[in-house]
Amino acid sequence: MILNAKIPDGPLEDKWTTYKEKAKLVNPANRKKLNIIVVGTGLSGSSAAASLAELGYNIQSFCFQDSARRAHSVAAQGGVNAAKNYQNDGDSVYRMFYDTLKGGDFRSREANVYRLAECSLNLIDQAVAQGVPFAREYGGYLSNRSFGGVQVSRTFYARGQTGQQLLLGAYQALIRQVGIGKVKLHTRHEMLDLVLVDGKAKGIIVRNLDTGDIERFAADAVVIATGGFGKIYYLSTLAMGCNASAIWRAHKKGALMACPSWTQMHPTCLPQAGDYQSKLTLMSESLRNDGRIWVPKLKDEKRKANEIPEEERDYYLERRYPTFGNLAPRDISSRAAKERIDAGFGVGPLNNAVYLDFSKAIKEQGIDKIREKYKNLFSMYKKITDDDAYQAPMKISPAAHFSMGGLWVDYELMTTIPGLFAVGEANFADHGANRLGANSLLQASIDGYFILPYTLTNYLAGELKTEKITIKHRAFDIAEAEVNEQLQLLVNINGTKTADHFHKELGKLLYDKCGLSRTAKGLTEAIAGIELLSGKFYRELRVSGTEGEINAELEKAGRVADYLEMARLMCYDALTRNESCGAHFREEYQTPDGEALRNDKDFCFVSAWEWPGRGIEPILHPEPLVFEFIKLSVRSYS
């Protein structure tokens, strides 16, 4: 298979304009005849559904939550980037493009990344018009702050609730279209399979989670906006319900999966407190604007943080990366924390954390200013830990957070299945091997509001004369039968262990072998371990109840079954990429001072994987990355 990214010709800054000028159109009368399915109601899904409905298309929107507002975009805290240069500090579209490309360790397409930076200019105006309450300066101007991996202030924020506020803006746009009748919203419905007719995406099979009924829906195109798969590690910053099932079922129907081993560990999370935990809590990266990260210089330090004098503290990010200091990119900051913890300098009851200290900022700016910036984050920390971060440093630790990998898409955000589009974190398109902070909300918004309305219309213009497919087509019979067979298989195993048991075991295995650092030996062991765990899963799983009723255990079992298959692919992807880049850190490939060592000669490509069948080695289809407008360089933040 030869992958065609469909990148427009011409100068970098003109590519998106050229595409829009030449894209095919569908007239308003014909849009009313076309149906689109959007799976997921987070920021990318809600913005896509609302924008497409506004154009006149008929939209069926699906989410497994009881409200579209409970999509996990609501949990994003720190902010959203835009190259507005309101601070007059040298920012520009090109600088944002280069920062993002460099932050991803030069493992993403130039054209996609430039479009992300270019479209960022429109997003802030869009959000303000929706009523998103961005922070403002005393005079009324929108405020900005810095995030990791950049030297300008381009992050717009609404305290530590930016994701929630942006999602509410998209949600109200979505609900407006529901009220008009252009969107039919199906809450508590989970996608379990993709339906193909003549190789094109023409519908989905879903399970009604309130009744257990299996339902069919047909459309002229399908959009997957179901987020990332970081919950595969079990302990992560993601909500318990977050899963990979929609993208994985699409992958098994023929959509290639790109770079699944590129998963990000967020450096500022609350550390694990015990084996009883089912998730970890994110503390916004914005805290690193004023907080200083350090560990004691003495191993196994027993004194409290405030009892350790300044000269006995190691501000290791400031020491190793003086240019960026505490705002080094996430992959670098997380690995540096792990290195200090593994070396015996960790703090906290389990010695698995580092300090994030605000004492200097409070002394210089005053406690009221710090409270104004971070009050809700400090309150959340106090509520969870019963510690006061105004009086003593926070304890933080890296945790699984974001998936840079996802379904392979071209410049139009279409997968290798015609008519199947993937937006937001469900695709791999913009971040390379490491995402910069505050670019997640940006990508999700831009994909839905500004890109998909053009690219999906361009596709649908060629579908106007094709035969209308209904749910009575034989392809729906086959897909539904396969879904029922899988559900019955899980219910009938009748073992003794819950899906959570296997999920937790898988998470431990992945974190140890395919987490912050990887080795060929460890990844080989992981693949073998996943095979053993998968065998136990299908022998020992216990799902109480039946498939024809409300059954949360059955939902979890299906998701864990998909995770077991996806974990195997993650490890294959990491094992076959013999280099270190971004969040993918192979210990065999590092510089003498412990930094990632890329291999541009042999691995300057996107790894796109084909599903060959269960138990068969996945098939690699590399997409070469061509850099016409920038020169590859060694990523340095020191």
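**View 1. The lining of the second largest cavity.** By class, six nonpolar, three polar and five charged residues form the lining of the second largest cavity (Ala, Val, Leu, Ile, Met, Phe, Trp, Tyr, Cys and Pro count as nonpolar, Asp, Glu, Lys and Arg as charged, the others as polar). The model is predicted: local features need pLDDT of at least 70 and side-chain atom pairs pLDDT 80 or more, while totals for chains, interfaces and linings use all residues. Residues are numbered from 1 along each chain as its sequence is written, and side-chain values use heavy atoms, without hydrogens and water. Among the 14 lining residues, L192, R249, L487, L554 and G558 are closest to the centre of this cavity. At least two lining residues come from each of β6, α7, α13 (474-492) and α16 (552-576) (DSSP runs numbered from the N terminus: helices, H or I, of at least four residues; strands, E, of at least two). The volume of the second largest cavity is about 120 Å³ (the space filled by probe spheres set on the grid points, which are joined across faces, edges and corners).

**View 2. The largest cavity.** Seven cavities of 30 Å³ or more are present in the structure (sets of points on a 1 Å grid over the protein atoms alone where a 1.4 Å probe fits but cannot get out; lining residues have an atom within 4 Å of a point). The largest has a volume of about 800 Å³. Its lining comprises 46 residues, with H72, S73, G227, G228 and E425 nearest the centre. Two or more lining residues are given by each of α3 (43-55), β6 (189-197), α7, β15 and α12 (440-460). The lining of the largest cavity divides into 19 nonpolar, 22 polar and five charged residues.

**View 3. The loop at G241.** G241 is placed in the loop between β9 (221-224) and α7 (245-252). Beyond residues up to four places away in sequence, G241 touches F64 and R559 (heavy atoms within 4.5 Å). Although 318 residues separate G241 from R559 in sequence, their C-alpha atoms are 9.2 Å apart.

**View 4. The five-stranded sheet.** The strands of this open sheet follow the order β11-β15-β14-β12-β13, with antiparallel pairing (at least two DSSP bridges between paired strands). β11 and β13 (313-314) each have a single partner strand and stand at the edges, so one side of each lacks a neighbour in the sheet. Five bridges join β11 to the antiparallel strand β15 (residues 394-403). Q264 stands opposite F402, and C269 has S397 as its bridge partner. In β11 (residues 263-269), seven of seven residues are buried (under 20% relative accessible area, 1.4 Å probe, protein chains only).

Notes
Buried means under 20% relative accessible area, exposed over 50%, partly exposed in between (1.4 Å probe, protein chains only). On a 1 Å grid over the protein atoms alone, a cavity is a set of points where a 1.4 Å probe fits but cannot get out, and a pocket is an open set with protein on both sides within 12 Å along at least five of seven lines; lining residues have an atom within 4 Å of a point.
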